[in-house]
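Please examine the sequence and the structure shown below before reading further.

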Amino acid sequence: MVETEVIDEVTMKRILTRMTYEIIERNKGIENLVLVGIKTRGVYIAKRISERLHQLEGLELPVGELDTTMYRDDQGFDPNVKPDLTKSSMPENIAGKHVILIDDVLYTGRTIRAALDAVMDFGRPEKISLAVLVDRGHRELPIRADYVGKNLPTAATEKVVVEMVEADKQDRIYIQK
């Protein structure tokens with residue numbers, strides 16, 4: 001397999017900083033926001049954005065962790081099995097809050113659809129937005145990110161791989177062909 005690096009550590013840091021500023025600007029403050037990272041790398045991204053928001057705005061934003069596995073419609077799970085909410089965690093009641101779902105790569109949209117279902121099991125937010133590090137296209141569902149780090153057009157046969165220090169000992173994004 002051929003790997004082509006498209007984003008290095010420095011560029012990833014810049015992208016996350018830009019996304020953080022966009023969140024501040026579009027929301028005219030961050031007081032009512034809750035960041036919810038989709039496991040696994042979405043959680044790391046959410047924590048980094050939260051840290052940057054704290055540096056810039058002086059407020060600590062709550063960060064939730066969402067496991068969408070049991071909500072996926074393409075995994076062949078038994079519909080009679082109730083999702084296990086203990087694999088996810090919310091820092092506070094999200095009812096009436098503006099939740100920003102955060103993931104590493106937006107592809108078909110199925111993970112995000114599952115995340116929307118999962119969030120609703122924790123309460124009814126006032127609003128849900130979506131932030132992704134990479135949007136690679138090829139949507140199967142009508143889902144669009146509100147905050148995009150990088151649009152990265154790819155072939156359906158290619159794979160976008162996000163590596164982060166927290167799990168992979170380095171920050172980078174590459175395409176596998």
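Two rings of Phe, Tyr or Trp (for Trp, its six-membered ring) form a pair if their centres lie within 6.5 Å; planes under 30 degrees apart count as stacked, over 60 as edge-to-face, and the rest as tilted. A search of the whole structure for such aromatic pairs finds zero. The structure is a predicted model, in which local features need pLDDT of at least 70 and side-chain atom pairs count only at pLDDT 80 or more, while totals for chains, interfaces and linings use all residues. Residues are numbered from 1 along each chain as its sequence is written, and side-chain values use heavy atoms, with hydrogens and water left out.

The next topic is the packing of helices. Helices (H or I, at least four residues) and strands (E, at least two) are DSSP runs, numbered from the N terminus. Two packed helices are described by the angle between their axes and the distance between the axes. Axes are lines fitted to C-alpha atoms, for helices over the stretch in contact, and the angles run from 0 to 180 degrees between N-to-C directions. The axes of helix α1 (residues 9-27) and helix α2 (residues 41-57) come within 9 Å and cross at roughly 60°. A crossing is left-handed if the near helix is turned anticlockwise from the far one by less than a right angle, and right-handed if clockwise; the crossing of α1 and α2 is right-handed. Contact means heavy atoms within 4.5 Å. The residues of α1 that meet α2 include Met-12, Leu-16 and Tyr-21, and their counterparts in α2 include Ile-45, Arg-48 and Leu-53.

In the loop between α1 and β2 one finds Lys-28, which has a positive phi of about 50° although it is not a glycine. Buried means under 20% relative accessible area, exposed over 50%, and partly exposed in between (1.4 Å probe, protein chains only). Lys-28 is exposed because its relative accessible area is 74%.

We turn now to a stretch named in a record. For residues 99-111, UniProt lists "short sequence motif: PRPP-binding" in an unreviewed entry; UniProt positions are given in the numbering used here, feature names are shortened, and annotations may be inferred rather than shown by experiment. This span is 15% helix and 62% strand, and its end C-alpha atoms lie 16 Å apart.

Asp-103 is found in strand β4 (residues 98-106). Is Asp-103 buried or exposed? Asp-103 counts as buried because its relative accessibility is 7%. Leaving aside neighbours within four places in sequence, its contacts include Ile-45, Thr-111 and Ala-131. In helix α3 (residues 110-120), the buried residues are Arg-110, Ile-112, Ala-114, Ala-115, Ala-118 and Val-119. What covers them includes β2 (33-38), β3 (63-66), β4 and β5.

Strand β5 (residues 127-135) holds Ser-129, and Leu-130 is also found in β5. Ser-129 counts as buried because its relative accessibility is 4%. Beyond its neighbours within four places in sequence, Ser-129 is in contact with residues including His-98, Val-99 and Tyr-147. Leu-130 is buried, with a relative accessible area of 4%.

His-138 lies in the loop between β5 and β6 (147-151). Its phi is near 70°, a positive value in a residue other than glycine, and His-138 is partly exposed, with a relative accessible area of 34%.

Val-2 lies in the segment before β1 (3-7) and counts as exposed, at 52% relative accessibility. Val-2 and Ile-175 are 173 residues apart in sequence, yet their C-alpha atoms are 8.0 Å apart in space. Apart from neighbours within four places in sequence, Val-2 is in contact with Ile-175, Gln-176 and Lys-177.
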